[in-house]
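Keep the structure in view while reading.

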Amino acid sequence: MRGMHEARVVTAHARIAASTELAYRSNFWAYLVNTVVTLGVSIASIALVYRHTDEVGGWTSDDLLVVVGVFFALGAFVNGVVHSSMAKLVADIRTGDFDYRLLKPVDAQAVAVAQAPDPWRALDLVIGIVVIGFGVSRGGLEAAAGGIPGAIGAAIGMFACAVVIVAAFWTLLASITFWTVQGEGILWALDDMYDHLRWPIGIFPGGLRLALSTIFPAGLAVTVPAEALTGRLDATSVFMALAMATALLVASRVVWRVAVRRYEGASS
Amino acid sequence: MTTVAAQLGHMWSGGSAQLRLGMIQLTQYRASFAIWALSSTLQAVVAMAVWQAVAAANGGTTGGYDASGFAGYFVIALILRELTFTGIVYHLPNRVETGKFAIYLLRPLHPLVQTYGASFANSVQSLVFVIPIAAVLTIAYDATISPSPAAVLATIVVLPFAILARASADSMVAISSFWLVRISGIRGIYAMATLLLGGQFAPLAVLPDWLATIARALPFYWALGFPIELLVGRADASEAITAVAVLAAWSIGLLLVLQPAWRAGTRAYEAVGQ
């Protein structure tokens, strides 16, 4: 079973990286303060907006809390798994250490995506789930098709699509490093872009909505699980999420193969 | 007096050399540069779209802005934010954390001047991307931008003070890393102030009164929100006197604290890292 082998190797890499990071206990407090401030900004923005109206594009303030929760939970993967692992990939390409990665009898792309998780970011996942729970309990889920279990099932499915979308999209852009050698800047800029996506794309005008579903699909990724949890998930959203996840997975695979073939190694 | 002039001249030539160096370095990384410009654009466009949706839900206007009004506000916000932005709250702490700051101390030019030279190069280069984007957004969202000649003049007068105040405040935040090493929390609170009180996420007119009063006492609104309002024709040019007074007072105050804080900070700094 090739997939099993891959999964075991990736898990081993992830465990080593995680235990290294866990040695720096004081980092926990830095992350905690950061997460609390980010949550504060989100809640203050929502409060500011809903001073003027009860609904924005059909979304109530409780629904918006669900979006913020998804933003945090997905952000835990974006920052805590994909970014930190890609940062290592980018550094390895620059130093030439990527040579050794290619020599190992395991799929290099699978390892690259999840090789260096930052365990402190699990905090964002916990906070995200708490905020989602708070928003959902205030908003009520009865309206959702299939009741509460149906909504939660759909949300988990959509969240899985969202993780695939961001992981594949980030890999796609990090692959550019094979050509430019310098790639850290792109990763930080992507994080910064993700940081602005705390609103459901449904409230945006058509052009922006389309751009945040295709050119920068993280907007779609944050929105679809929140749609499932607020009883407004429709066939179009499900189709878009599945189509983007599949397309990005294939595209990132193809670009990765071309890039690796082109990679010449830079080690001494 | 002559020594002060000589010192300033030295800083000017050193800073502008750093600016030229920054320009050359940045042209090498055009791809990541374009993405940074896109990120600033995304932030402005998302805020615009949110407030346009609020205005639509409110029957057309909120805080006196209609859809075109919000578009104008955030298009100008995009350009002015780029102009007043310094990356120092990220760059200096990063160098302190990795230990690379020691190299900057060895060079015969104040590390802050070195950083500002590079940072200004950053601003200029990103305007190359941001101004065409702003032009497209102006047309696409039918943005209202109608400053009077007096308002344009007032903006030109206020902007240097805005840049100075932002740079001094940014420096104060950045040098706290000499003692704390990791300042992501402080930086987050500071970013929150520029977003919510500075007018980057919302114009002053939509804030509750108590928050607007606080915003008027702090430099953030005068450094960004006010010049935006001048250019969209919302603020009165005569208020520029207040803006300059507030910004100059904050700059002088911050620079007076900055001097001893810098001395104490560099003494507290223990080059961690390589």
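Start with Ser85(A), which sits in helix H3 of chain A. The model is a predicted one. Is Ser85(A) buried or exposed? Its relative accessibility is 0%, so Ser85(A) counts as buried. What does Ser85(A) touch, leaving aside residues up to four places away in sequence? The list is a run in chain A: Ala112(A), Val113(A), Ala114(A), Gln115(A), Ala116(A) and Pro117(A).

Stay with the helix that carries Ser85(A). H3 of chain A covers residues 61-95, and it packs with helix H6 of chain A, residues 122-139. Two values describe such a packing: in general, packed helices are characterised by the angle between their axes and the distance between the axes. Here the angle is about 160 degrees, and the axes are 7 Å apart. Angles over 145 degrees count as roughly antiparallel. H3(A) and H6(A) are therefore roughly antiparallel to each other. Their crossing is left-handed.

Which residues make this contact? H3(A) contributes Asp62(A), Leu65(A), Val66(A), Gly69(A), Val70(A), Phe72(A), Ala73(A), Ala76(A) and Phe77(A). From H6(A) come Asp124(A), Leu125(A), Gly128(A), Val131(A), Ile132(A), Phe134(A), Gly135(A), Val136(A), Arg138(A) and Gly139(A). Sorted by class, the contact has twelve nonpolar, four polar and three charged residues.

Now turn to the rings. How many aromatic pairs does the whole structure hold? Over all chains, the search finds 17. One of them joins Trp51(B) and Phe70(B). Their centres are 6.0 Å apart, with 25 degrees between the planes, and the pair is stacked. Trp51(B) belongs to helix H2 of chain B, residues 30-57, while Phe70(B) belongs to helix H3 of chain B, residues 67-84. The pair therefore ties together parts that are 19 residues apart in sequence. Both Trp51(B) and Phe70(B) are buried.

A second pair is formed by Trp222(B) and Phe226(B). The ring centres lie 5.2 Å apart and the planes stand at 55 degrees, so this pair is tilted. Both residues lie in helix H11 of chain B, residues 219-231. They are four residues apart, about one turn of the helix. Trp222(B) is buried, as is Phe226(B).

Definitions and conventions: Residues numbered from 1 in each chain as written. Chains lettered and ligands numbered in written order. Predicted model: local features only at pLDDT ≥ 70, side-chain atom pairs only at ≥ 80, totals over all residues. Heavy atoms only, no water. Axes fitted to C-alpha atoms, helices over the stretch in contact; angles between N-to-C directions. Helix = DSSP H or I, 4+ residues; strand = E, 2+ residues; numbered from the N terminus. Parallel < 35°, antiparallel > 145°, perpendicular 65-115°, else oblique. Left-handed = near helix turned anticlockwise from the far one by under 90°. Contact = heavy atoms within 4.5 Å. Nonpolar A, V, L, I, M, F, W, Y, C, P; charged D, E, K, R; others polar. Phe/Tyr/Trp six-rings, centres within 6.5 Å; stacked < 30°, edge-to-face > 60°. Buried < 20%, exposed > 50% of the residue type's maximum accessible area, 1.4 Å probe, protein only.
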